[in-house]
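Hi,

Here is the structure I promised to pass along. Have a look at it first, and then read my notes below.

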Amino acid sequence: MPDKIVLQLPFPPTVNHVWKHACRNGRLRNYMTDKGKAYRNEAILCITRQQAKNKQLTDRLDVTIELHAPDNKRRDIDNHAKSVLDALTIAGTWQDDEQVDKLTLVRMPPTTRDKACAIVVIKTIPEITDD
């Protein structure tokens, strides 16, 4: 793996806009919204284009997500991480987001809607040995 992988993804929706819950026949069902599906597909396309030559990561990982929001709206930045991590998993960047041992979320200064994005920096964590 290179020193680090840097990817630019669309600004992610919050987990509250990606997953909804409904009760059917007395059973609770979780489902992905159309907005969630659209983000996932767009993010996967961006990931695939940017990391075409990279192999799937199998190491423990340190991930930083810089959120460049489209406006000054108040938002809980932790609600945006799940959409990004799930897209990276489905795109095959790594085997599972369980590999992420360190996750850093950074709120960047707001930008314009057309420049809103999430910058993802992925680094491997050196293996600890008992020497």
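Let's start with strand S4, residues 61-68, which is mostly covered: six of its eight residues are buried. Keep in mind as you read that this is a predicted model.

S4 has a partner in strand S5 (residues 100-107), and the two run parallel, joined by seven bridges. If you want a spot to look at, find Thr64, which stands opposite Thr104 in S5. S4 also pairs with strand S6 (residues 117-124), this time in the antiparallel sense and over eight bridges.

What do S4 and S5 make together with helix H3? The three form a right-handed β-α-β unit, with H3 covering residues 78-90.

**Helix H3**

Quite a few residues of H3 are buried, among them His80, Val84, Leu85 and Leu88. Ser83 is another residue of this helix. Is Ser83 buried or exposed? Ser83 counts as buried because its relative accessibility is 9%, below the 20% cut-off. As for what Ser83 touches, setting aside residues up to four places away in sequence, you'll find Pro12, Pro13, Val18 and Tyr39.

After H3 comes Gly92, with a positive phi near 85 degrees.

**Leu103, over in S5**

Leu103 belongs to strand S5. With a relative accessible area of 38%, Leu103 is partly exposed. Which residues is Leu103 in contact with, leaving aside its neighbours within four places in sequence? They are Val63, Ile65, Ala81 and Leu85.

Most residues other than glycine have a negative phi. Asn25 does not follow that, with a positive phi near 55 degrees. Where does Asn25 lie? Asn25 sits in the loop between strand S2 (19-24) and strand S3 (27-32). Asn25 is exposed because its relative accessible area is 79%, which is over the 50% cut-off.

**The whole protein**

Stepping back, there are three helices and six strands. Reading along the sequence, you get the pattern β-α-β-β-α-β-α-β-β. The C-alpha trace spans about 55 × 40 × 30 Å along its principal axes.

Of the 131 residues, 37% count as buried. The protein exposes about 8,700 Å², and carbon and sulfur atoms supply 47% of that area. Take the contacts between residues at least 6 apart in sequence, and 82% of them join residues at least 24 apart.

On charges, the protein has 21 positive and 18 negative ones, and their mean positions are 11 Å apart.

That's what I have for now. Happy to go through any of it with you.

Cheers

Technical notes: Residues are numbered from 1 along each chain as its sequence is written. This is a predicted model: local features need pLDDT of at least 70, side-chain atom pairs count only at pLDDT 80 or more; totals for chains, interfaces and linings use all residues. Side-chain values use heavy atoms; hydrogens and water are left out. Buried means under 20% relative accessible area, exposed over 50%, partly exposed in between (1.4 Å probe, protein chains only). Helices (H or I, at least four residues) and strands (E, at least two) are DSSP runs, numbered from the N terminus. Two strands pair if DSSP finds at least two bridges between them. A crossover is right-handed if, with the strands pointing away from the viewer, the path from the first strand over the helix to the second runs clockwise. Contact means heavy atoms within 4.5 Å. Accessible areas come from the Shrake-Rupley method with a 1.4 Å probe; for residues, only the protein chains shown count as cover. Lys and Arg count as positive and Asp and Glu as negative; His and the chain ends are not counted. The place of a charge is taken as NZ of Lys, CZ of Arg, CG of Asp or CD of Glu.
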